[in-house]
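The structure is shown first.

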Amino acid sequence: MMNVLVFVGINTILAVALNLLLGYAGQISLGHAAFFGLGAYISGVLTVTYGLNSWISMFIAATATGILAFILGFPILKLKGHYLAMATLGFGIIVYIVFNETVALTGGPSGLSGIPNLGIASLTFDSDIKNYYLVWLFALISIFLSLNLADSRIGRALRAIHDSEVAARGMGVNVRLLKVQIFALSALLSAVAGSLYAHTMTFISPASFGFNFSVELVTMVIIGGLGSIYGSFLGAALLTLLPEILRAFQDYDIIVYGLLLILMTMFMPGGLVRGVPGILLSLRPARKQGREY
Amino acid sequence: MNLSQQVIQYILSGLTTGSIYSLIGLGFAIIFNSTGIINFAQGEFVMLGGMLTFFFITVVKLPLLVAILFAILISTLVGVTFERLAIRPLRKATPLNLVIITIGASILIRGLAMMIWGKDTHSLPMFSGNDPIFVSGATILPQHLWILGITLLVIIINKLYFYHSISGKAMRACSYNRSAASLVGIDVKRMVFFSFAISSAMGSVAGIIAAPLTMTSYDVGIMLGLKGFCAAIIGGMSSGMGTVLGGILLGVLESLGAGLISSGYKDAIAFIILLLILFIRPQGIFRKAETERV
Amino acid sequence: MLRLEGITKIFGGLTALENVSFSIKKGEITGIIGPNGAGKTTLFNIISGIYGITFGDIFLDGEKISRFSPEKLALRGLVRTFQNIELFSQMTVLENVMVGLHTKSKSGIFSCAFKLPCHLKEERLIREKALSLLEFNGIADVADMIAANLPFGKGRLLEIARAMALDPSIILMDEPAAGLNNRETAKLAEIILQLKKSGVTVVLVEHDMELVMEICDSLVVLDLGRMLATGTPLEIQENQAVITAYLGQE
């Protein structure tokens, strides 16, 4: 169970990161698993092959992925809607294939093993319980930073882009640069999650970073609730725990999973964060009106 | 084989895979144009086509042609059922939510296929023998000709339907302007229903003609669906020649790249081409020709 | 202040504007009028950098701004409002105005994410400034309402408040009185005259002739993409070509 909670933590970081891009700026990415994978592989290769310190590797992985996303962001974020979806998807698949094909570097489809744990002085994060605390420390920091960002001039400008790009530009918001910056930040956070994943699992293989996982991340954000940081946590928790619960269905789990996805989107279009607490929902407008008049 | 013979060979096989991508891409474009939805379940109809034909031939022991007809029919039924149950009730949903629903449907259909037919890979018999035909040094299988021929036929029917039948014209009207179409009395809901029927039928045809060459299993729909999506994007999401050319361009370049550079990177090559095209011409390369014609 | 020289805009084969030239004086209220389809909104879209220009040039205080992007123009003090109000619909009224103050603040991603003291101070100033703008426009009572839920008239006023947040030297307003009732129109006229008093140049496209004649210092008349006349409201009212264009339209 601890093991699963570690995954919930990692997926929370990823969902929060993607939500900044998708929920706030309104820009879709169907290739975020690639940034997660880049974080994991850069960290893994630097420690295993080059014997670098784990923390330093994590730092390099995050920075390098962030810079790559920044450069890539300029041509990619010029695209809109389904063209953007397709381009990010394509990028994700290319990276996935590179993980598989550069066998000498990544170990190819059979994966990269023996990645060292993270550690501070004599403390090594080598058990599920220790990793649980480590990962959740990072997850809480991500949530904290994202909440701050959302509630600032940057967060407002992002939401403005989402609502009306033309009006946002008219307000002097440098839409293009801001989109690219948030894309890079989102990729950087995803790479941190990837690095954490590599150092807690000590084994990585391309299968964890494919198209399906990119889709799963988008699903977490939408099911949780677009533009809600807490929603991302709920979405990540639900979609990570669900397969564990569905294990009772054995081979049928994928069917139940697909069905739940459809039904939840149909009946809770605003996501868990707006759909589940029906009580909250009915309270909120009432309170708002009270303030207005 | 010398280099030029090899190149001819690659182009020939690229043409056939390209045809398949075109058919799948057309399915994407038709649904997109009538509803604005990117149907991520499109690839699953390709899978259904192949798997159902296999099922009818080996389990039910039907003759090939009958099996094919049944496969197309059932795939189409699945397509329209999906539209009825999950798309029609949600007319006001955001595009993103609709995308998630189609992703959910694709997972569901794939899961059901796995449950019914297992995880094994199956192959279909060639439509007419395995004896290769030699064309100026390159070899080509009768199945290649079947693929090219049937694709051509489907494209012609598609064209005739969209330009010479009332419901086809109504569908084009919907794709230009949905609200205006409904104002002149076109039943937009019906057109959406039709677009799902046509797309799923086309997808299954693609799956059926490709299966004898490429094998089929419960999960072939993912990559084929994405390649079809690529074709449609390159073609500027047109439900006509743009997407067909997009698919063929993709197939040929991918085949040349895989043959001359590295087969491991075959799928990567397809997506690199896609990215380059999107970066240089974000609206797709065949978009211009389309709008001028209209 | 703002000078247009031979502006021509061709869409595909259609000429939307042909050789339009005029100047707008600093501190004046200029009205752009003309029958439907005259090219008024197209002209606004060109001046505000949303459309590119086919031929011709635009100068703002002597600087050529023909190819400037909307965000660059906003930094130069040129802002606009939209015919079908473009609010940030999912944000609160106050937040809408705070976005207008985006260029007046400069905390980066880092200081925002860590809530550094300089960011917090800036945030407080922005909030106060935004509130005072809402008060000026008489909509401070709905500050916490989601913009999408605003009645239309208040939406207009919000859009103007948001534009004012940029501290502009020139505001373009696209049919600001459309959809407003008499009381709201009166409030609008008052705001526009206030803007003029504080030295802001105002350009408006407007169909409400009563309002136009009442507040404008000079008028530009467009018809079928061409400039028909310029002058004071009185001159325009007596201009034979203008009368024919309007009556011919009816």
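The model is predicted.

**The sheet of chain C**

In chain C, an open sheet is built from 6 strands, arranged in the order E6-E7-E8-E3-E9-E10, with mixed pairing. Its edges are strand E6 (78-80) and strand E10 (226-231) of chain C, each of which pairs on one side only. From one strand to the next, the twist averages 15°. Helix H1 (residues 40-47) of chain C packs on this sheet and touches E3, E6, strand E7 (170-174), E8 and strand E9 (218-223) of chain C. The direction of helix H1 of chain C makes about 145° with that of E7(C).

Within the sheet, strand E3 (residues 29-33) and strand E8 (residues 201-205) of chain C run parallel and are joined by 4 bridges. Among the residues involved, C:Ile29 has C:Val202 in E8(C) as its bridge partner. Strands of a sheet pair through backbone hydrogen bonds, and the pairing is either parallel or antiparallel.

**C:Ala241**

Helix H10 (residues 240-249) of chain C contains C:Ala241. Is C:Ala241 buried or exposed? C:Ala241 counts as exposed because it has 12 C-beta neighbours inside 10 Å, and the cut-off for exposed is 12 or fewer. If neighbours within four places in sequence are left aside, C:Ala241 is in contact with C:Leu228 and C:Ala229. C:Asn182 lies 59 residues from C:Ala241 in sequence, and the two are 30 Å apart in space, C-alpha to C-alpha.

**Contacts between chains**

Chain A touches both chain C and chain B. The contact between chains C and A takes 34 residues from chain C and 27 residues from chain A. On the side of chain C, the elements giving two or more residues are helix H2 (70-75), E6, helix H3 (93-100), helix H4 (109-113) and helix H5 (117-136) of chain C.

The contact between chains A and B takes 31 residues from chain A and 32 residues from chain B. On the side of chain A, helix H4 (81-101), helix H10 (211-224) and helix H12 (253-267) of chain A give two or more residues each. H4(A) supplies the largest share of that side, 13 residues.

Terms used
Residues numbered from 1 in each chain as written. Chains lettered and ligands numbered in written order. Predicted model: local features only at pLDDT ≥ 70, side-chain atom pairs only at ≥ 80, totals over all residues. Pairing = 2+ DSSP bridges. Axes fitted to C-alpha atoms, helices over the stretch in contact; angles between N-to-C directions. Contact = placed C-beta atoms within 7 Å. Buried ≥ 20, exposed ≤ 12 C-beta atoms within 10 Å, placed from the backbone.
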